[in-house]
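Thanks for asking me to look this one over with you. Have the model open beside these notes, and take the points in order.

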Amino acid sequence: MQQRFQLSTPLAFADVERITNSLCVLPGVQGIDMSPGSRQIQVAFDETLTSPEAIVAAAAQAGYGDMRGAPTVGCCGGCCGS
């Protein structure tokens with residue numbers, strides 16, 4: 001499973017390393033994709049071993065208490081379902 005997470009502020013270079021170190025120790029985390037300057041983090045994980053809530057909790061322990069699961073919307077969020 002892949003889940004996108006959102007931060008309220010852009011990531012600095014030190015943030016990328018800190019978040020990576022915090023999340024990679026969780027069982028089931030298979031990959032993390034993020035870039036300095038971005039507010040989004042993409043995490044690939046095995047949902048039988050961890051959960052989005054556990055990922056958010058690990059980020060909070062590392063000092064990123066503002067990390068939240070990004071809303072799931074259609075391609076652009078404007079026309080789907082109409």
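1. A word on the basis first. This is a predicted model, in which local features need pLDDT of at least 70 and side-chain atom pairs count only at pLDDT 80 or more, while totals for chains, interfaces and linings use all residues. Residues are numbered from 1 along each chain as its sequence is written, and side-chain values use heavy atoms, with hydrogens and water left out.

2. Start with the layout. The protein chain has two helices and four strands, where helices (H or I, at least four residues) and strands (E, at least two) are DSSP runs numbered from the N terminus. Along the sequence they come in the order β-α-β-β-α-β. Of the 82 residues, 32% are buried, meaning under 20% relative accessible area with a 1.4 Å probe and protein chains only; exposed means over 50%.

3. In general, nonpolar side chains tend to be buried together in soluble globular proteins.

4. Look at α2 next. Which of its residues are buried? They are Ile55, Val56, Ala58 and Ala59. Viewed down the axis of α2, these buried residues fall within an arc of 160°, so they line one face of the helix; the arc is that of the directions from the helix axis to the C-beta atoms. The cover over them includes β1 (2-6), α1, β3 and β4 (68-69). On the face turned away from the buried side sit the exposed residues Glu53 and Gln61. Just after α2, glycine 63 has a positive phi of about 105°.

5. Finally, find aspartate 15, in helix α1 (residues 13-23). Aspartate 15 is buried yet has no salt bridge, and arginine 18, the nearest side chain of opposite charge, is 4.7 Å away. A salt bridge needs a side-chain nitrogen of Lys or Arg within 4 Å of a carboxyl oxygen of Asp or Glu. What does the side chain of aspartate 15 make a polar contact with? Its partner is the side chain of tyrosine 64, at 2.6 Å; such a contact is a pair of N or O atoms within 3.5 Å, and within protein one must be able to donate a hydrogen and the other to accept it, while residues adjacent in sequence count only if both atoms are side-chain atoms.

Conventions. Lys, Arg positive; Asp, Glu negative; His and termini not counted. Contact = heavy atoms within 4.5 Å.
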